[in-house]
Amino acid sequence: MKTLLVAEYRDSELLGTSGELINFASQLGAESAMFLVGSENSLPDYNGKLYLADIGQAGEFNPSQHKQLLLEVIEKEQPQMVVLPHSSYGWDLAPRIALALKAAQISEVVEIKDGNLVVPSCNSKLRRQVKAATDISVVTLQGGAFTPMEDPSGTPEVVKVEVVAGGDIQFGGYEEAESGGVDLSKAEIIVSAGRGIGKPENLAMIENLAKALKGEYGASRPVVDAEWADQSRQVGTTGQTVTPKLYVACGISGAIQHLAGMKKSEFVLAINTDKDAPIGEVADVLAVADLKQLVPILTEKLNAL
Amino acid sequence: MKILVCIKQVPDMESKFKVNAAGSWYEETDLAWRMNEYDEYAVEQAVQLKQQVGEADLTVLCIGSDRVKETMKKALAMGCDRGAHIADDESYLKDPYAIASLIAGFAKDKGFDLIFTGMQSQDRGSAQVGVLVAEMLGIPSLTTLVEFSYADGTINAKRELEGGIKAKISCTTPALVTCQLGLNTPRYPTLPNIMKAKKKEMISTPVAELSPEASLLEVIQVAPPEKKGGGLILEGDPADLADQLIKILKEKTTALA
């Protein structure tokens, strides 16, 4: 089996997902080559052939152009599997490649099992084991599912890919995350509110528990999207990544994007009415209870200590 | 202007899921069904665009059994003009490629200026169908949008990247966009609009008439995830639970030190 790994690059830097791609290929026992639209100034630690297209010419975000370049490399390398991160770059580019090759695409792989790939469904409550019915397949990997034990090392053998200008999407630059607000990445104790708080008034309950524990409060994406909490409080892939000593997840079911942002917390306490909620996978303790009853009592008892 | 919005009916994600007898997907009985959350943002954005441009015809498309018509009625009550139902009792067995081929087959000769989809479904979460439809139709696609505006045939948008960063992008129509959570605030249908929606056109087309393509993916098995040891599960009276939790926090963490 031969794989072509697609690394990602943004705003003058290689993104840290190439190690996961390399580790996935090695778990499959597959040969690999790598493709990157990037620059020689920031190359992956990889002992293999790296097809490099210059991002200055190809464009930072120019999917139809990246697709053409990748298809040329696929033509040369003839891989059986094209592997991308399941990221904003990967899930945008992968279907474009898959259709051009008429290849099956397997999205957000979390595990290799009996030679097949496993993907999550229904907020991680089910897992599907799937197999491509085509000779070539396109695969995206869930962030963190194939993190290597050790950082990869090595120097790639760079093969330059010529770029001819083109594309149907104009890229107008990046907009940084709003600064200001609280830096949750430095907090030692975080109490986070999820959809389970039910209504915005109940956020006060979470803030009070955070105060009783001398910590900060955070929120999951649905709470921020509903504008019950400020974006600067959001924990998860598109918000902040946190590593507190104690993380209390209140009414958070545990969507993968949230788990990715908090699973390195030292101790996780979850309060949830659903015993099977995926947050249970990362929780040291899961209290099966209605947070609207438990949180005020817990706060009161903590304040009385 | 002709606008299409594609929606999916999914189970409430808080449901308990059981694997069906064939081991191919979840058991459909005893589930509460709703509109895929990402698609609510897609419908809202499509309705806002229709209101902005005035002269527009907005079609909502959904694939599935007769059951999905309930969800289509919600989209009609939110402001879509007509419903295109692709009647397929076995749509849950199709992969993103097969589903996208049905949508592209429906859309190809209808001259839609803009197509809206959710960025993924809540149950499968493949994030493929929107982009595949655009590629099949040969039009540009902008994905994972958290801001959208349209003027004179040009879309200006922001797509969400990791770590709270956004990319500013634009393209010209015809185009397809996929909508991320938080793009807008989906409206609740009002009672008069729910009544009006009942009179709107809803045409069912049997799936066979759209010459469906075969799936490219095979499902080997569907199962709940293996429990990985996991943590301690506590149940009971809230006051007792609170005492137990405080004891654990004292013993296992430095939070109360």
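The model is predicted, with local features needing pLDDT of at least 70 and side-chain atom pairs counting only at pLDDT 80 or more, while totals for chains, interfaces and linings use all residues. Residues are numbered from 1 along each chain as its sequence is written, and chains are lettered from A and ligands numbered from 1 in the order in which they are written.

**Strand pairing.** I checked strand S18 (residues 285-288) of chain A against S13(B) and noted parallel pairing over four bridges. Strands pair here if DSSP finds at least two bridges between them. Strands (E, at least two residues) and helices (H or I, at least four) are DSSP runs, numbered from the N terminus.

**Chain contact.** I then took the contact between the chains, which draws 70 residues from chain A and 67 residues from chain B. Contact is counted where C-beta atoms, placed from the backbone, lie within 7 Å. On the chain B side, the elements that each supply at least two residues include helix H4 (129-137), strand S7 (141-151) and strand S13 (232-235). Helix H6(B) gives the largest share, nine residues. By class I recorded 36 nonpolar, 15 polar and 16 charged residues on that side of chain B. Nonpolar covers Ala, Val, Leu, Ile, Met, Phe, Trp, Tyr, Cys and Pro; charged covers Asp, Glu, Lys and Arg; the others, Gly among them, are polar.

**Domains of chain A.** I noted domain 1 (2-161) and domain 2 (184-303), with bounds from an automatic or database domain assignment. Their C-alpha centres lie 33 Å apart. Their contact takes seven residues from domain 1 of chain A and six residues from domain 2 of chain A. The domain 1 side divides into one nonpolar, five polar and one charged.

Methods. Contact = placed C-beta atoms within 7 Å.
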